[in-house]
Amino acid sequence: MTARRGQIPPGPEEEYSTTQELLDWLGHQFKQFGDIYKASIYGTSVYVISDPQYTQHVLVENWQNYVKGQAIKRVALLLGNGLMVSEGEFWKSQRRMIQPAFHRKAIGALIKVMTTANSVLLKKWEEAARKRESVNVTHDVSHMVLEVVLVSIFGDDYEQVSSHFNLLSEESARNMEFAGAFRSLGKIILQVADRRRKEHATFTDILGMLMETRDQHSGQAMPDRQLINEVMTLIVAGHETTASVLNWTWYLISQHPDVEEKLSNELNNFLGSEFPELDDLARFAYTRQIIEESLRLYPAGWLMTRKALKDDYLGDYFVPAGTEIYIPPYFVQRHPSLWEDPDRFNPDRFSPEHSQDRHRRAMFPFSAGPRYCIGESFARMEMQIHVMMIAKQLRLRYVQTRPLELDAGVNLRNKYDFIMTPELKGIADR
Ligand code: HEM
């Protein structure tokens, strides 16, 4: 679309009404107005964009002109001023302090945590397969992912905290009541931190690293309130996103027997639950392509929002200060001019020969620029280990006839739990 410099994008006359699903409404407007449109959403003037060049501009090239948009207020009620919410110099200094906990070496040390949690899950599902019972994939995966993130953070103190945090996988509503119950868990985090201080012991888990780290300028440790905010942030950001993507992955595999067969063939080269090194994971390229394709079709963070601090331009369109920008990976990653047959699940599109010539921002499920997801490598490793360990032994059949119904809240989920029937591969294949 061409525009005179300084022009305002076209857009719908009517305001977005909360009686409609936001995802459907945004998609409908893209069809009418193209890759950038102006809309009134929740009483605010918003530019909604699906052109990867605009995305690159807002998230990477001119990121300093954009703070988080109004949607972050709801997130802040739950997470406080942690890494997801904070801005400016404060965010920068927190990010610098937390980043080492997510460096390659630190993440590599968590392989055992991930294989242990998945061994327990695998046993449970194998047992169900033997009894020909179905399993609640949504519930069980949520539980496994929560365990992984809690053990990564609290290490040997996991048993002390786990029962308190179970509400994250047992309660699916994300309302004010939930926010209140969740925030009250701050005291559990402090109890662990206080005890550790008294013991003068050093811990190598994420909480230990956050307690040891010092601000580059002041030399100070993180105040307790901030420690709580950051731990809360990592738990929530690391749990629901990863669990959603894995749910979609099992659903998609179950609908595509050809993909399931190729995955099984790749896993013939995999001996079981042992992942001695992070580097071993790179050999299983097709498993990675499946996860990538799930992230493309169902990005957990389906919509990111920003607000312009100063006047700016997106291409030739004028962006007045205060404008909200909606950046939906969901629509960019299904954009017909960026992806062939965009709604089709086809992991082969991520093979090296098919990945050339693609716009670098055609895909950004973990965002881009300085505020990209700090847990990306953690999540990728966790998702791959899970898929490999389960798919080596089991096939999950989706037997429900109920059609998908997207629940596009903070995370992109299905409205209903995925109930599936596991089958032991060895037996079924004989
Ligand atoms: C498949 C899994 C995941 C997906 C799809 C995902 C996606 C994202 C996205 C899109 C953002 C940017 C949000 C925005 O700027 O508006 C983000 C930020 C963030 N994510 Fe993730 N995430 C995942 C897993 C994780 C994990 C495992 C952790 C930690 C254990 C984590 C921690 C964070 C944090 C702390 C931020 C804020 C970073 C900052 O602003 O500096 N995420 N994530």
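Modeller: A salt bridge is a side-chain nitrogen of Lys or Arg within 4 Å of a carboxyl oxygen of Asp or Glu. Here, Lys415 forms one with Glu21, and their closest N and O atoms are 3.4 Å apart. This is a predicted model, in which local features need pLDDT of at least 70, side-chain atom pairs count only at pLDDT 80 or more, and totals for chains, interfaces and linings use all residues. Residues are numbered from 1 along each chain as its sequence is written, and side-chain values use heavy atoms, with hydrogens and water left out.

Biologist: Into which domains is the chain divided?

Modeller: Domain bounds come from an automatic or database domain assignment. The chain is divided into domain 1 (1–67 + 302–364) and domain 2 (80–300 + 369–429). Their contact (heavy atoms within 4.5 Å) takes 24 residues from domain 1 and 29 residues from domain 2. Over C-alpha atoms, the centres of the two domains are 28 Å apart.

Biologist: How many salt bridges are there between domain 1 and domain 2, and what area do the domains bury between them?

Modeller: The count between these domains is three salt bridges. Buried area is the accessible area (1.4 Å probe) that two parts lose on being put together, summed over both. For domain 1 and domain 2 this is about 2200 Å², with 62% of it on carbon and sulfur atoms.

Biologist: How should I read a nonpolar core?

Modeller: In soluble globular proteins, nonpolar side chains tend to be buried together. A nonpolar core is a set of buried Ala, Val, Leu, Ile, Met, Phe, Trp, Tyr and Cys residues joined through side-chain atoms within 4.5 Å. Buried means under 20% relative accessible area, exposed over 50%, and partly exposed in between (1.4 Å probe, protein chains only). The largest core has 122 residues, and those touching the most other members include Phe154, Phe165 and Ile235. Helix 13 (residues 224–254) gives the most to this core, with 15 residues; helices (H or I, at least four residues) and strands (E, at least two) are DSSP runs, numbered from the N terminus. Beyond its neighbours within four places in sequence, Ile235 is in contact with residues including Leu146, Phe154 and Leu168.

Biologist: Why does Ser351 count as buried?

Modeller: Ser351 counts as buried because its relative accessibility is 8%. Ser351 lies in the loop between helix 16 and helix 17 (352–355). The C-alpha atoms of Ser351 and Gln289 are separated by 7.0 Å, although the two are 62 residues apart along the chain.
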